[in-house]
Structures are given as C-alpha cells and as structure tokens.
Amino acid sequence: MFKGILIEKDDSGYRAGLHEINETDLPTGNVVVRVHYSTLNYKDALAITGKSPVVRHFPMVPGIDLVGAVEESSHADYRVGDMVVLNGWGVGETHWGGLAEMARVNGDWLVPLPPTIMAYQAMAIGTAGFTAMLCVLALEQNCVTPDRGEVLVTGANGGVGGVAIALLSRLGYRVVAITGRPAESDYIKYLGAAEVLDRGSFSGPGKPLGKERWAGAVDVVGSHVLANICATTKRGGTVAACGLAGGMEFPATVAPFILRGVTLAGIDSVMCPRDRRLEVWRRLGCDLDMDKLNVMTKTIGLTETLDYANRLLLGTLRGRAVVLVTR
C-alpha cells in the first residue's frame with residue numbers, strides 16, 4: 001500500500017482525496033518509480049478541483065510531474081536505483097501521475113535526472129520550468145537575441161513566467177514582465193525583470209497593430225493579452241505562446257503576421273520528443289540560477305495539495321509548489 005491523491009467520478013459526483021492505494025492497482029507500464037517529489041501545476045489544480053475536464057479516465061492519480069528512483073524495470077534504458085524525471089505524456093490526465101508515493105509508467109516517457117540538477121530542483125523546475133525553457137529555445141531559434149530588444153513575459157508571479165524571467169535575464173535579455181499583482185514587483189525584479197507592467201493595460205480589446213516594442217515574448221495568458229502582445233511585437237519578432245490562463249480564444253487579426261513578419265510559436269510540453277527533452281534539461285542545468293529557483297519555490301505535502309489547488313486557481317500563490325509525497 002502507498003499514499004496518493006485519487007480523483008474519482010461516479011453517481012456521487014466528482015471528488016479528490018488522499019487515499020491508501022494498493023500497488024496492484026497501478027496502471028500498466030514497464031518501469032515502477034518510487035516517487036520522491038512531484039509538483040502542483042495549474043493543470044493539476046484544474047484536475048483536482050474538477051474546474052476543467054483535464055482527467056480523461058477515472059479513478060486517476062493527478063500530477064503531471066514526478067522525480068524518483070527506479071524500483072522495478074523491464075525497460076532496456078533503466079535499472080533499479082536510477083534517478084529519473086517525468087513530465088508530460090498525459091500522466092495525471094490519461095495515466096496515473098506523480099501525486100503519489102509510487103508510479104508505474106512507460107519507460108519511454110522518462111529521462112535520466114541530469115547530474116547538474118538535484119531531485120528537489122527538478123520538481124522546482126517541473127513542467128513550468130520545462131515549458132519556460134522551451135519558450136526560450138523558440139526565441140533563440142527564431143533569432144531573437146538580446147541585442148534585438150526587450151522581451152516581454154506574462155504571468156510573472158507564476159511558475160512559467162518566473163522561470164522564464166530568470167532564464168532570459170541570465171542570458172542577457174532585458175526582460176519586461178506583466179503581472180496582475182503589482183504589489184509583487186520587488187519579487188519579480190529580483191527574478192530578473194528590468195520593468196514590471198500592470199496586466200490591465202493588455203487585457204482589453206486592442207488595435208490590429210500597435211507601436212512596435214517587443215523583440216520577443218513569452219505568454220501564458222492567451223486571449224486579449226496574447227493578441228495585444230502580437231500587435232506590439234517588432235518586425236520579425238517571435239511570441240512563444242504556452243498557456244491559456246486568460247482564456248482559449250485569440251481575438252486578433254493577421255496584421256502582425258503578414259505586415260511585420262511576426263512569428264507566433266506554439267509551445268507543447270506534453271508530447272515533446274525525447275531528444276528535445278534531453279536538450280531542455282541540459283540547458284536548465286546550465287542556464288537557470290538555482291538561488292532564484294529556490295526563492296520562487298515552496299514545499300508542501302500531499303495533504304496540503306487539495307487546499308493549494310484552489311488557491312492556485314484563485315491566483316493567490318507565488319511561484320512553484322513542490323510536493324514532498326511522503327508528507
């Protein structure tokens with residue numbers, strides 16, 4: 001038996017709670033992992049609260065991230081005792097995830113824990129930091145270099161935004177951050193932002209084109225915010241879109257794309273191929289300031305995840321929540 005968060009849906013309704021789970025109930029897979037840490041992401045909060053149809057099968061252990069030690073393996077790449085990381089691939093949605101003490105998964109979804117990153121740090125990074133690095137790579141691949149001008153980052157208080165700010169500033173970019181909580185400006189500037197703007201000026205309907213300012217951007221909000229960012233991005237700039245916290249719609253025109261050559265780069269962290277994953281984790285081990293990562297991270301236990309899920313959706317939490325699954 002092991003502890004885990006279990007989401008159930010039946011005639012009695014939708015509910016999530018802490019349960020004792022039998023190891024024989026674990027889903028199919030060729031690697032069993034003794035989970036050390038998981039995380040609480042926006043998608044996990046949606047799954048736990050039932051605010052969005054994230055979970056596809058019931059019962060479900062949520063948790064789109066995990067790090068831990070291999071306990072059993074019939075996969076050629078992994079041996080007992082190997083430290084591994086998993087994010088994406090539908091865990092916590094279609095396959096039991098990381099918010100439990102044990103997980104059985106497909107070994108093809110795993111990557112070795114990089115030697116430059118400790119287990120706790122891997123989950124402080126998690127899907128949020130992984131996504132942020134994918135966004136940085138998208139900017140780099142589209143020739144958005146520090147000398148091209150300012151880079152805008154939305155959702156500055158959250159995990160993706162915070163890690164993106166820390167990464168970009170360390171790489172030499174002048175970062176401007178957007179937040180709905182201007183009282184957090186000192187924290188955001190500590191992460192590396194040179195300037196902090198109020199989200200309100202980006203949240204409403206805008207013009208098809210505005211004054212050019214941004215060489216690139218990382219957006220987790222979507223909706224009008226994304227449309228306004230595209231409208232004010234410089235000629236040849238790139239906007240990496242990776243979230244929909246403000247809505248799934250995109251009320252924009254084609255003007256920025258056909259008149260200024262702006263690139264809208266979609267970021268998919270879930271089905272990212274293995275070779276790309278290895279490069280992302282390598283870069284995170286080199287380019288992320290771990291002291292800043294520590295400042296944006298809080299540790300909670302499994303018993304606290306239910307309350308934290310609601311708080312995360314309300315936008316009252318800062319940074320990253322790492323879950324110590326044995327607590």
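With which residue does Glu195 form a salt bridge? In this predicted model, the partner of Glu195 is Arg174, and the closest N and O atoms of the two are 3.7 Å apart.

Side chains of opposite charge can pair when their charged atoms come close.

In helix α7 (residues 274-287), Asp287 and Arg283 are four residues apart, about one turn of the helix. Their closest N and O atoms are 2.4 Å apart, forming a salt bridge. Both Asp287 and Arg283 are buried.

Helix α9 (residues 305-313) contains Arg311 and Asp307, which are four residues apart and therefore separated by about one helical turn. Their side chains meet in a salt bridge, with 3.9 Å from N to O. Arg311 is partly exposed, with a relative accessible area of 32%, and Asp307 is also partly exposed, at 45%. Elsewhere, salt bridges with shared partners join Glu150, Arg174, Glu195 and Arg213 into one network.

The surface also has a nonpolar patch, formed by Val254, Ile258 and Leu259, which together have about 320 Å² of accessible area. Ile258 is found in helix α6 (residues 255-259). With a relative accessible area of 63%, Ile258 counts as exposed, because exposed means over 50%.

Note on methods. Residues are numbered from 1 along each chain as its sequence is written. This is a predicted model: local features need pLDDT of at least 70, side-chain atom pairs count only at pLDDT 80 or more; totals for chains, interfaces and linings use all residues. Side-chain values use heavy atoms; hydrogens and water are left out. Patches are made of residues with over 30% relative accessible area and no salt bridge: like charges are joined within 9 Å, nonpolar side chains (Val, Leu, Ile, Met, Phe, Trp, Tyr) within 5 Å. Accessible areas come from the Shrake-Rupley method with a 1.4 Å probe; for residues, only the protein chains shown count as cover. A salt bridge is a side-chain nitrogen of Lys or Arg within 4 Å of a carboxyl oxygen of Asp or Glu. Helices (H or I, at least four residues) and strands (E, at least two) are DSSP runs, numbered from the N terminus. Buried means under 20% relative accessible area, exposed over 50%, partly exposed in between (1.4 Å probe, protein chains only).
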